[in-house]
Amino acid sequence: MQATSATKSTDRIRRLPPKKRLIKLIGRATFWWMARAAGLLRPWSVKLFGNTLGSIFYTVSKRYRNVALKNLRDVYGGSMTEAEIRSTAKQVFKHFSRGAVEFFYLLSLNRDQVDAMIDVEGQEHIDSALAE
C-alpha cells in the first residue's frame with residue numbers, strides 16, 4: 001500500500017526536533033481554528049479581528065518584527081523617522097493578518113453571499129469582448 005501525502009507529511013514532522021514539531025502543530029491548529037472561526041465572523045468584524053491579530057503578532061513575534069524593521073530601515077532609513085518605520089511595520093503585520101482573516105472568511109461564504117458583496121462596473125465591456 002502506498003503512503004498518502006498526509007502520511008508522508010506526518011512522518012516528516014515526527015522526525016523534526018521537538019520545538020519545530022510544536023511550531024508545526026501550533027500552525028496546523030491555528031489554520032484549523034481560523035477555518036472554523038471565520039464562519040462565525042460578521043463582515044464588520046473581519047477587519048477588526050485582522051487588525052487585532054496583526055497587532056498581537058507584531059508584539060509577540062520579535063524575530064519577524066525585527067526583520068521587518070531592519071528591512072524598512074535599509075530602504076527608508078534616511079527618509080523616515082524611527083516612529084514612522086515602526087508604524088509602517090505594524091501596519092504591514094495588520095495588513096497580512098487582515099488578508100488571512102479575509103481569506104478564511106471568504107471560504108466560509110457560499111456563492112450567493114460572495115456575489116452579493118461584488119459590484120461589477122462596465123459589464124457591457126466584458127459582454128462586448130466575449131461576443132468577439
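Reply: A nonpolar core is a set of buried Ala, Val, Leu, Ile, Met, Phe, Trp, Tyr and Cys residues joined through side-chain atoms within 4.5 Å. The model is predicted. Its largest nonpolar core has nine residues. They are M34, A38, L41, V46, L53, V101, F104, Y105 and L109. Two helices, α3 (43-60) and α5 (82-107), each supply at least two residues of this core. α5 gives the most, with three residues. In soluble globular proteins, nonpolar side chains tend to be buried together.

Now take M34, a member of the largest core. Leaving aside residues up to four places away in sequence, M34 touches F49, L53, V101 and F104.

Next, the helix pair. Two packed helices are described by the angle between their axes and the distance between the axes. The axes of α3 and α5 come within 7 Å and cross at roughly 135°. Angles over 145 degrees would count as roughly antiparallel, and 65 to 115 as roughly perpendicular. The crossing of α3 past α5 is right-handed.

Which residues make the contact between α3 and α5? From α3 come P43, V46, K47, F49, G50, N51, L53, G54, S55, F57 and Y58. From α5 come R86, A89, K90, F93, K94, S97, R98, V101, E102 and Y105. By class, this contact has ten nonpolar, five polar and six charged residues. V46 and L53 of α3 belong to the largest core, and both take part in the contact with α5. On the α5 side, V101 and Y105 do likewise: they are in the core and in the contact.

α3 has another partner, α4. The axes of α3 and α4 come within 6 Å and cross at roughly 90°. The two helices are therefore roughly perpendicular to each other. Y58, T59 and V60 in α3 meet K62, R65 and L69 in α4. That contact divides into three nonpolar, one polar and two charged residues.

Finally, α4 itself spans residues 62-76 and holds N71. Is N71 buried, exposed or partly exposed? N71 is partly exposed, because its relative accessible area is 42%. Its C-alpha atom is separated by 9.6 Å from that of I85, 14 residues apart along the chain.

Conventions:
Residues numbered from 1 in each chain as written. Predicted model: local features only at pLDDT ≥ 70, side-chain atom pairs only at ≥ 80, totals over all residues. Heavy atoms only, no water. Buried < 20%, exposed > 50% of the residue type's maximum accessible area, 1.4 Å probe, protein only. Helix = DSSP H or I, 4+ residues; strand = E, 2+ residues; numbered from the N terminus. Contact = heavy atoms within 4.5 Å. Axes fitted to C-alpha atoms, helices over the stretch in contact; angles between N-to-C directions. Left-handed = near helix turned anticlockwise from the far one by under 90°. Nonpolar A, V, L, I, M, F, W, Y, C, P; charged D, E, K, R; others polar. Parallel < 35°, antiparallel > 145°, perpendicular 65-115°, else oblique.
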